[in-house]
Structure formats: C-alpha cells, structure tokens
Amino acid sequence: MTKPSLPDLLHAAVSAVGGTERPGQVAMAEAVAEAIDDSSHLLVQAGTGTGKSLGYLVPALAQGERVVVATATLALQRQLVERDLPRTVDALHPQLRRRPQFAMLKGRSNYLCLHRLHEGVPQDEEEGLFDPFEAAAPTSKLGQDLMRLRDWSDETETGDRDDLTPGVSDRAWAQVSVSSRECLGASKCAYGAECFAEAARERAKLADVVVTNHALLAIDAIEGAPVLPQHEVLIVDEAHELVSRVTGVATGELTPGQVNRAVRRSAKLVDEKIADQLQTAAEGFERVMELALPGRLEKVPEDLAYALMALRDAARAVITALGSTRDRSVQDEDAVRKQAMASVETVHGVAERITQGSEYDVVWYERHEPRGGAAYRHSGASLRVAPLSVSGLLREKLFTERSVVLASATLKLGGDFNGVGASLGLAPEGTTGDDLPVWKGIDVGSPFDYPRQGILYVAKHLAQPTRDRERSDMLDELTELMQAAGGRTLGLFSSMRAAQQAAEVLRSRVPELPILLQGEDTLGELIKNFAADPKTCLFGTLSLWQGVDVPGPSCQLVVMDKIPFPRPDDPLMSARQKAVEEAGGNGFMAVAATHAALLMAQGAGRLVRATGDRGVVAVLDPRLATARYGSYLKASLPDFWYTTDRNQVRKSLAAIDAASKAASV
C-alpha cells in the first residue's frame, strides 16, 4: 500500500476542522516531517492564524512513533484534546488505516485524590486526620466548594481539576489533592485501584500522542524519575515560555512558615529530642529571616549559612527517624507520615542546595508585600535559589535521543533564532560539532497583511520613563489615544502599580469609557466583558501580554506603557546578565533586550487576530525610536506600518473607530 502524502493528509485534517489551508501551514508541516525523518531539531515561528497545531499534529501522527506535545497554557491543552486531536484523528483514519490514540497527562496535584477525599487531610497541629467536610461550615464558600467536590467525585471520569466547572478555590482543592511527594503510592493506598492520577498515567502509556504541560516536561527532565512515557518525538508548543517554566520548576524556596509546617507535621512522629533539634533550627532560621533585606546574596552570609546547616542536619535526622519508627496510635499513619516526610525533605533539599553553594545557582531574599494593609511581618520573607541558566540542562535532557520541534508565534528575535536557541542550549544555527544538537529555524510567516492591517506608533515626543518619575505626559497621551479609538483599548503595563494608577486616572478623565482592571475579576471574566463591548478597555500586566485573544472591533488599540525590560533589581535576571558579561558577551542584549523583545512581540500579537482586524500598537516609550537597541526590538515585532506622527495616528484611530461603528449598524 502506498504511503499517503503529507499534502493529502493535511488537506483532510484542515477540512475536518473547518479551516483554510495556508501556505505557511504547508511549509511548517513539511519542515516538521523532515526534522522527524532525519532525527534533527526544528524551531518554527508560525504567526497567529497559521494553524500551527495542525502544522505539527498531522506530520507527527503520520510518522507513527509516539509523540509528546507540551504546551504552556491550559487553553491550548484543552483545544488540542477536545477539538484538534479528535477531529484530526477522524479525518486521517481512512488514509492512515489506523486510529492513533491520545491522552492528557498532568502533575499529580491536578487530580482529585480519593484517599484525601474519604480519609481526610493529615492535620498539622494535632495527631491524626482532619475532616474538612465536617470542619467547614456548610454555608461558607469553602464548605460549598467541598460539598460540590464530593458530589463531583462520584460522576467524574478523569478527576482532573480542569474538568470541574465552575472551578473551586485553591484552598478547597488543596483539601482533596496531593503532591507526588505526599502520595502514598498505588500499592500502599486503599484507593490505588481507582486512583485518577494512576489511570491518567496508564492511559498515557497506551497513547500514541500524550498532551502535557511545560512544567511536567521539566519535572521529567530534571528529577530523573520518568513521569512521561518513552517517546521518539517531542513537540513544544508556546515554546517561548519553556525557559521560564523550566526555571520555575528548578527554583527552590524556603520560608519560615514552610519550615514551621515541617516541624509541626513531624513532631508527633519522631523522638522528642530529634523534634526539638528541628524546632531549634527552625527558630534560628526565622530569626535570620526577620532581618532579611531583598536582593541577591552573592555570598551566603555567615549567620544564614549557620542557620541553614542547622536546618539541613536537623531535617536529615528527622528523615532518618521518620523512616524507621512506627506509631500505630496515629490515625491513618502512612498518610500522616508521608505528608511529614514530603515537608521535611523539601526543607532539607533546599537547605542543602544553598549550603553546598554551586556557582551555577543564584540565591536571593525576596519580600512579599503584606496583604490587606496588615502590619509587616517576617513571614513575608522567603529565601530562593534558582539556576543561573537552564540551557545546559535543556541541551542535555531534551535534545538527546529524540527529535524536538519547538513552535511559537514568537521565536525569531531581532531577525534570527539564535537568541532563543542559546537560551535552549543550542549553538548558533549551522554550527557543527560532535556533541552539538543539529537544528534549523524556519519562519513560515503569517496569513495576515501586517503593513495594511496595523500601525506601530512610537510616542517619540514623550519624556524617557524613569523609575521614580510620575508619567503625566504618558497618561495624557493614553487619554487622547483612547478617546480617538472610542475605547477598544488593551493596556499592557510593565507593572501592576502602573496599571492601577492609569486605571484610576483614566476612570475619572473619561468616565464614558468603562475600564476593567486585572485583579478586579478573574482573567476569563475580564476578557469576556472586554470582548463584549467595543467601548470597554482592559488594563493589566504580565498575563495580558500573552493571554488575550479578542478578534474583531473590541480590540483596535494595544498600548504598551514602556519597554518591558526586567526590573534592575531582579536578582536572577541581573545575575544572568552579569554572567554573560563576564564571559565576554553583551549581557544587556542577551538577557534584558531578549526578555523585552519576547514580551513586546507577544503583546503586539494581541492586535491582529483575524484577517479583518485593523488597529494600532502604541508604544509610549520614546526609546523604541531613539535608543540603539530600538531597531532590535522593532525587528522582533510584526511588520506593521511605522510612524511617530501623533496627529496621523489619532486620525487613523478615529477612522478605524468610525468604520467599525458603521459596520455594526
């Protein structure tokens, strides 16, 4: 039987999802198939509207090996499993003569734990277990959430938190879920045979395509205990997020509250002398943390080093004791012991890692603002440790023994793929060597006509933003732009403080334009309300730069208050910048400018989401037009028509607004 051709398969899949075949999608599918065939790696930039999920799913399903697809967002995981994969498998089945199976796999804490649900939660302050269902008032929000979870447990087939609608609070979910460290293990658990997390793993073992998230991919790579089934092809979608997600998984944290929790959980299970040793070490650590000032610790201070060594040694003694003692008077002892062990092991692991002092780690103190105006307390301080770079880890763990495809709408920064490639541990494209992964980058473009559909406006006349200066001129400019656009504005701010201040000022200046502010409702509700009314504007920070998909007339002006460089006092970013400089590179361009370019490309991508969209991306920071690095940042953005003319942009916005109003009549 002749093998079906890739164009035929792609055509069948696109027809099945009701899409339109695009040249970029065909080019992408061919490049993915080629990379899989010759076991090489591919970075592919596919603009919004290309149909990139089919661009990788079709060649991946056609080649017949097991594939893992890792995404950054829940929305894309759901789209793949609920829409794209079922339709694509149905469409390809007649030609492939087989029906590839697919499954979703997430971290254990995403699944309902039947042991926790039925036996209760090991309680910190006292022996035995605590039944949250009895403790929570049935009329309280927590009580209602817990009752709903109990009812849902009887009807759900997956136990996956994301299948529960409406959702429940993190606090309620914590009462019915466990981390992988707290899990008893299927063989020891009375509910092991019915376990939702184990069932998801079994389904993944049998599937041809496993859809997961970046965090689980990182855990699989870092912790050495395989979570994902063996696979020959790895596709990383939303790949611009991968480095930050892997860094997050590889970051350790210690807080006084967390250490005290470990003390409480283990105290009743070990000899009093050993419990006292950990209690004393915890008190010593808490005293040091009371004096902690935020910032990087180039060298661990003597008092902190002493406190961490005491904590490490005491935690090790508790771990040994927990493993060798038994106390049958404790109700559901295995669960209580397992939770205590998980807490103490985390404390031991982070304390030991910082004490050992690797040159490849960055250590810093962080302070968290008190909530609700409460008096400042030491519990707001945390000690954190993160890898200086994850590029070596990614090169070693991701790019060996499998073909890797990394896809995103933003991978080409400043005109090439080498910046993103370097962060992933890849040598510049075309470099050859024994241990170097072979890769290539391909930009398949976008179906949108950016120069005709959008304008990039830089407010060159504004004063340069500084950290401590009020930006009244920026707020005046924003007011005029929003009025010209008739609302329809997505405001992307470099900090929450800037977003709040702008919302406060503009709500009083232009009361006729409703302004929604991130944090005042769930992100989903905010986006829904923003899309529903063209006059409405939405202001916010980081998650809005990449999480908004509002085609049509409700989003015709995307404003960035300033270039989103990392904060100068960000310990990890500044350490990475310094390391590049010490190695003879340009730290600012490699770290700060790359970070800003990625966010700006994502932010600008919010404007044009469909072929009929028109609008303006306005950057209210003159440095994009005047600074030397401005051309690098501009080269990372869609190819919009460019202007610094204030009057021209107001006229254009007013014309777009008038056309939208006329079309809606």
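Visitor: Leaving aside its neighbours within four places in sequence, with which residues is Ala103 in contact?

Guide: This is a predicted model, in which local features need pLDDT of at least 70 and side-chain atom pairs count only at pLDDT 80 or more, while totals for chains, interfaces and linings use all residues. Residues are numbered from 1 along each chain as its sequence is written, and side-chain values use heavy atoms, with hydrogens and water left out. Contact means heavy atoms within 4.5 Å. Ala103 is in contact with Arg203, Ala204, Ala207, Val209, Val210 and Val211, its neighbours within four places in sequence being left aside. Between Ala103 and Val209 there are 106 residues in sequence, yet 6.5 Å in space from C-alpha to C-alpha.

Visitor: Does one call Ala103 buried or exposed?

Guide: Buried means under 20% relative accessible area and exposed over 50%, with partly exposed in between (1.4 Å probe, protein chains only). Ala103 counts as buried because its relative accessibility is 5%.

Visitor: In which strand is Ala103 found, and what is the order of strands in the sheet of seven?

Guide: Strands (E, at least two residues) and helices (H or I, at least four) are DSSP runs numbered from the N terminus. Strands of a sheet pair through backbone hydrogen bonds, either parallel or antiparallel. Two strands pair if DSSP finds at least two bridges between them. Ala103 is found in strand S3. The open sheet of seven strands has the order S3-S6-S2-S7-S12-S1-S13, with parallel pairing. S3 (102-104) and S13 (439-443) each have a single partner strand, so one side of each is left without a neighbour in the sheet.

Visitor: How many bridges join S7 to S12?

Guide: Strands S7 (residues 233-236) and S12 (residues 403-408) run parallel and are joined by four bridges. Val236 stands opposite Leu406 in S12.

Visitor: Which strands does helix H4 lie across?

Guide: Axes are lines fitted to C-alpha atoms, for helices over the stretch in contact, and angles run from 0 to 180 degrees between N-to-C directions. Helix H4 (residues 74-96) lies across S2 (67-71), S3 and S6 (209-213), and runs at about 165° to S6.

Visitor: What is the pairing in the sheet of four strands?

Guide: The pairing is antiparallel in this open sheet, whose order is S8-S11-S10-S9. Its edge strands, S8 (252-254) and S9 (295-296), each pair on one side only. Two bridges join S9 to S10 (residues 361-367), and Tyr365 in S10 is the bridge partner of Gly295.

Visitor: Which way do the residues of strand S15 point?

Guide: Thr489 and Gly491 point one way from S15 (residues 489-492), Leu490 and Leu492 point the other way, and all are buried. S15 runs parallel to S18 (residues 557-560), with four bridges joining them; here Leu490 stands opposite Val558. S15 also pairs in the parallel sense with S17 (residues 537-540) over three bridges, where Phe539 is the bridge partner of Gly491.

Visitor: What volume does the largest cavity have?

Guide: On a 1 Å grid over the protein atoms alone, a cavity is a set of points where a 1.4 Å probe fits but cannot get out, and lining residues have an atom within 4 Å of a point. Grid points are joined across faces, edges and corners, and a volume is the space filled by probe spheres set on the points. The largest cavity has a volume of about 260 Å³. Of the 24 residues that line the largest cavity, Cys113, His115, Val178, Cys183 and Leu184 are the closest to its centre.

Methods:
1 Å grid on protein atoms, 1.4 Å probe; cavity = no way out; pocket = protein on both sides within 12 Å on 5 of 7 lines; lining within 4 Å.
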